[in-house]
Amino acid sequence: MAIQKVQQAPQTAVLKQILKRCSSLGKKQHGYDENGLPIDVPKGHFPVYVGENRTRYIVPISFLTHPEFQCLLRQAEEEFGFDHDMGLTIPLRGSRFRSLTSTLR
């Protein structure tokens, strides 16, 4: 009897799915071009909202490969889910988020 391995989706595929689910969030608050991309967000970046006041930060997509940022995304999904109109919200105080992201650059 052969044992079959269940293959999980590659990590990059999972991260792309997260971005795809979040790509349309928060469109009511900022201008978007004809392709549905935010006008004020440079290519290779995406917006996140942090803290109780939902301060908007623009972060590089490269952050998605960092385990610390992936942990934040899992926390965000657990706390807020990804299926809402409010944008990708990170459950962290702004000062803590800035401190964490400064180490990822």
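## Terms and basis of the model

Helices (H or I, at least four residues) and strands (E, at least two) are DSSP runs, numbered from the N terminus. The model is predicted: local features need pLDDT of at least 70, side-chain atom pairs count only at pLDDT 80 or more, and totals for chains, interfaces and linings use all residues. Residues are numbered from 1 along each chain as its sequence is written, and side-chain values use heavy atoms, with hydrogens and water left out.

## Overall architecture

The protein contains three helices and three strands, arranged along the sequence in the pattern α-β-β-α-β-α. Of its 105 residues, 35% are buried; buried means under 20% relative accessible area, exposed over 50%, and partly exposed in between (1.4 Å probe, protein chains only).

The protein exposes about 7500 Å², of which carbon and sulfur atoms supply 52%. Accessible areas come from the Shrake-Rupley method with a 1.4 Å probe; for residues, only the protein chains shown count as cover. Among contacts (heavy atoms within 4.5 Å) between residues at least 6 apart in sequence, 47% join residues at least 24 apart.

## Helix H2

Helix H2 comprises the 14 residues 67-80, which at 1.5 Å a residue should span 20 Å; the end C-alpha atoms are 20 Å apart, in agreement. The expected span is 1.5 Å times one less than the number of residues.

Phe 69, Gln 70, Leu 72, Leu 73 and Ala 76 of H2 are buried. These residues cover an arc of only 155 degrees around the axis, and they therefore lie on the same side of H2. The arc is that of the directions from the helix axis to the C-beta atoms. On the other side of H2, Pro 67, Glu 78 and Glu 79 are exposed. Gly 81 follows H2 and has a positive phi, near 75 degrees.

## Side-chain interactions

The structure holds one salt bridge, defined as a side-chain nitrogen of Lys or Arg within 4 Å of a carboxyl oxygen of Asp or Glu. It joins the side chains of Arg 56 and Asp 40 (2.5 Å, N to O). Arg 56 lies in strand S2 (residues 55-60) and Asp 40 in the loop between helix H1 (11-22) and strand S1 (45-50), so the pair ties together parts that are 16 residues apart in sequence. Asp 40 is partly exposed, at 43% relative accessibility.

Thr 89, in strand S3 (residues 89-90), is buried, with a relative accessible area of 7%.
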